[in-house]
Structure formats: C-alpha cells, structure tokens
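Welcome to this guided tour. Please open the model in your viewer and keep the selection tool ready, as each stop tells you what to pick next.

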Protein chains: 2
Amino acid sequence: MNKSISDLIEEFIISSLDDDDFIELSRNDLAKFFACVPSQINYVLNTRFTPNRGFVIESQRGGSGYIKVTRMQNNNDNYLKNALEICSEPITATAGNQIVEHLMSRKIINEREAQLIKRAISPKALTSPINMANNLRSNILAEIIIELMKGG
Amino acid sequence: MNKSISDLIEEFIISSLDDDDFIELSRNDLAKFFACVPSQINYVLNTRFTPNRGFVIESQRGGSGYIKVTRMQNNNDNYLKNALEICSEPITATAGNQIVEHLMSRKIINEREAQLIKRAISPKALTSPINMANNLRSNILAEIIIELMKGG
DNA sequence: TATCAGTGAAAGTCAAAGATAGTCAAACCG
DNA sequence: CGGTTTGACTATCTTTGACTTTCACTGATA
C-alpha cells in the first residue's frame, strides 16, 4: 500500500503513544520532520485523532505552545460511546438528566458530580435568546457555585 | 513540556508562597534572576496572579519600592460568594478557568470536578451563534463525556 | 526647623515584535 | 468524487523595550 504523509504522521503519533497515555508535540517541529506544512498536522489530528476513535486533543498557542494528544482510557465503555452518540443531536433537559442518571447508576460519576452536571445543563443555566458564550458561561458557573454552596 | 520563562517565574512565586501567605519581591532583582526584562514580571503577575485565582498584588514605586503578592485568606463560604458575585457578569473562558482553579486550590472541588467544569464552560462547548438551549446542552454534555472517557 | 525642588531608583503601561497553533478554502491526485 | 496537500490569513500567548509615574532621599532656603 502506498502510504500518504498523513498516514505516516498518524503512525508516528500512535507509536509515540505506546509508552505513555499522552504526548506533547510541537506542531512546527513535527511538520518540519515530515517536510509538510504545519496545517497538515491539524488535518491528521482532525481526521484521525477524534474522540470517536478514542483520542483527545488539547493545545496552547504562543511561545512554548504545544499540542497534547491523549488516548482515552474509557472509550470502550459502550454506555459512554452511546451517550456521546446521542449527544451529537440536540437534547432536551429531561433527556439530558436521564443520561446523567444513567452515568451515575453505572458508577461512572458519583452523585455530587451528577448534581454539578445537571446544574450545568439546566434550563436556567442555558437561557439564551440571542446572546453569547460569555453570558452562558457565567450562568453555568453561577449554577455550579450555587450547588457547591448547598454543600453537595 | 517546554516551559516558558513566564511559567518558571510563576512557579518560583508560587513556591515562595508555600510558607507564608505573602511575599515581597523586588521586580528588578527577580527580572535579573530570570534574565528577562522587568516588565515581564508584570506580565506574569497580571496573567497568573489575578484576584480570580485568589491573589492580591500591592506595590510601591520609587526608592525602596517592592511588589507584594498575597494569597487571599478567607473561608470557603466567602470564596464561593465572591465567585458567585463575579459570575453576575459575563465571563471570558480564561477568567472562568481561573475561578475553577481557585476553587480547586481551595479544595472546594477536586481535580476531576475541575476538569469537568472546565469542559462545561469551554469555548468549544459553548459555540452559539444564535442557537438554543438544546444544542448548547448537548455540546456541554458531549464535552463532559469526553472528559470522562479520558479516565480522569 | 520646616519646607521645597531636584535627583535617582524603583515600579507601571502599552504597543510592537516574536512564536506558536487554528481555520478554511483552493488545488491536487488517485 | 473523496481524501490529501498547500498556503494565506487569523488567533493567541510571550517577550521586549521605550516611555511614564511614583517615591524616598538630600540639600538648599526661608
């Protein structure tokens, strides 16, 4: 089989994950190493290292920036897979809470965590006529803090 | 991870705060020690030792000038009240994360909970041009599940 | 003695430059 | 056509330096 550069980059990253559960890359260095443009690294990451395939990407820009690739540990859990699948569509508050309940009854989260999450996704936290992330975010945080103040 | 000078300066200050609740620095001496320009100290202070993270900066110019970094002393109740107060206004992702980190450094939430919350308020979770609670909610839940799959 | 102006030694501000990474769409290729 | 490669443009974080502000000290003066 004729491997593309993207295939090679994928293999490189996967083999780097043999030892540890995550690696930190420099996008520019990796691009230099494979003699490709930096954005090709993003292409590989976006097409091959998705949550669906069991990976999480985090990154930081600017001086001493990095890209961190983490291999998920629980991506074989069918419940989580299923729940994630469901979350690719809009979800009502009721349905959302049911999912949280399921996660708790499966002991994937504890009761306190369930409460926190329910707050985060409550209708009150998500009132949003036309407005923006910042407003939403502060609402969500406020809800979480109220829950914490309750002493959950 | 390749740490920036700013990261190192941050670590230095935080470790200096291990013993006492405050330290007094000489901006120029610290800059010399880290072989950087003095204003980089201000940069670190402004980006990492914010009230949101539970720090107070005081300083004096001129001869025998100094910079004093104090870790806020308070009870948990006040931290939460304070955070809630902040949340009455829109909040950027950076500021939101700082609040979460502060709650964690105060042991009000543990690391796993902090990760969950950060996910819930991440820009990715809250992409919302004009949209509705259901979309947002599913985004937020997806993020939380991804975090759980990581195996925090 | 009390006060005031000058001086030098801090710290503060702000914007430009530098260093990364992200996005997106066009071009390419099988 | 669908996946890959490329590059122009953008976003974010860090580093640097020129310029500003504030303060303690000191010496001159009323």
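Before the first stop, one term: a residue is buried if 20 or more other C-beta atoms lie within 10 Å of its own, exposed if 12 or fewer, and partly exposed in between, with C-beta atoms placed from the backbone. This is a predicted model, in which local features need pLDDT of at least 70 and side-chain atom pairs count only at pLDDT 80 or more, while totals for chains, interfaces and linings use all residues. Residues are numbered from 1 along each chain as its sequence is written, and chains are lettered from A and ligands numbered from 1 in the order in which they are written.

**Stop 1: chain A as a whole**

You will find 7 helices and 3 strands; helices (H or I, at least four residues) and strands (E, at least two) are DSSP runs, numbered from the N terminus. Along the sequence, their order is α-β-α-α-β-β-α-α-α-α. Chain A has 152 residues, and 26% of them count as buried.

Now colour by pLDDT, the predictor's confidence in each residue, from 0 to 100. Chain A has a mean of 82, and 84% of its residues reach 70 or more. Where in chain A is confidence lowest, and where is it highest? It is lowest in helix α7(A) (residues 133-150), with a mean of 55, and highest in α3(A), at 98. Where pLDDT is low, the predicted coordinates should not be read in detail.

**Stop 2: helix α3 of chain A**

Select residues 38-48 of chain A, which form helix α3(A). Its buried residues are Ile41(A), Val44(A) and Leu45(A). Seen down the helix axis, they fall within an arc of 95° and so line one face of α3(A); the arc is that of the directions from the helix axis to the C-beta atoms. An α-helix has 3.6 residues a turn, so residues three or four places apart point the same way.

Contact here takes two residues whose C-beta atoms, placed from the backbone, lie within 7 Å.

**Stop 3**

Select DNA strand D and its surroundings, where a residue is near if its C-beta atom, placed from the backbone, lies within 6 Å of the strand. There are 27 residues around DNA strand D, the closest being Ser39(A), Gly62(A), Gly63(A), Ser39(B) and Gly62(B). The elements giving two or more residues to this surface are α1 and α3 of chain A with α1 (5-16) and α3 (38-48) of chain B.

**Stop 3: the nonpolar cores**

A nonpolar core is a set of buried Ala, Val, Leu, Ile, Met, Phe, Trp, Tyr and Cys residues joined through C-beta atoms within 7 Å. Which residues touch the most other members of the largest core? Of its 28 residues, they are Ile117(A), Ala120(A), Leu103(B), Ile117(B) and Ala120(B). Two or more residues each come from α5 (93-105) and α6 (111-120) of chain A, and from α4 (76-86), α5 (93-105) and α6 (111-120) of chain B. Helix α5(B) gives the most, with 4 residues. For the second, separate core of 11 residues, select members including Leu25(A), Phe55(A), Ile67(A) and Met72(A).

**Stop 4: single residues**

Zoom in on Arg71(B), in strand β3 of chain B. Arg71(B) is partly exposed, with 17 other C-beta atoms within 10 Å. Leaving out residues up to four places away in sequence, Arg71(B) touches Leu17(B), Asp21(B), Phe22(B), Gly54(B) and Phe55(B).

Move on to Asn75(B), in the loop between β3 and α4 of chain B. Is Asn75(B) buried or exposed? Asn75(B) is exposed, because 9 other C-beta atoms lie within 10 Å.

Finish at Ser64(A), in the loop between β2 and β3 of chain A. Ser64(A) has a positive phi, near 50°, in a residue other than glycine. Most residues other than glycine have a negative phi.
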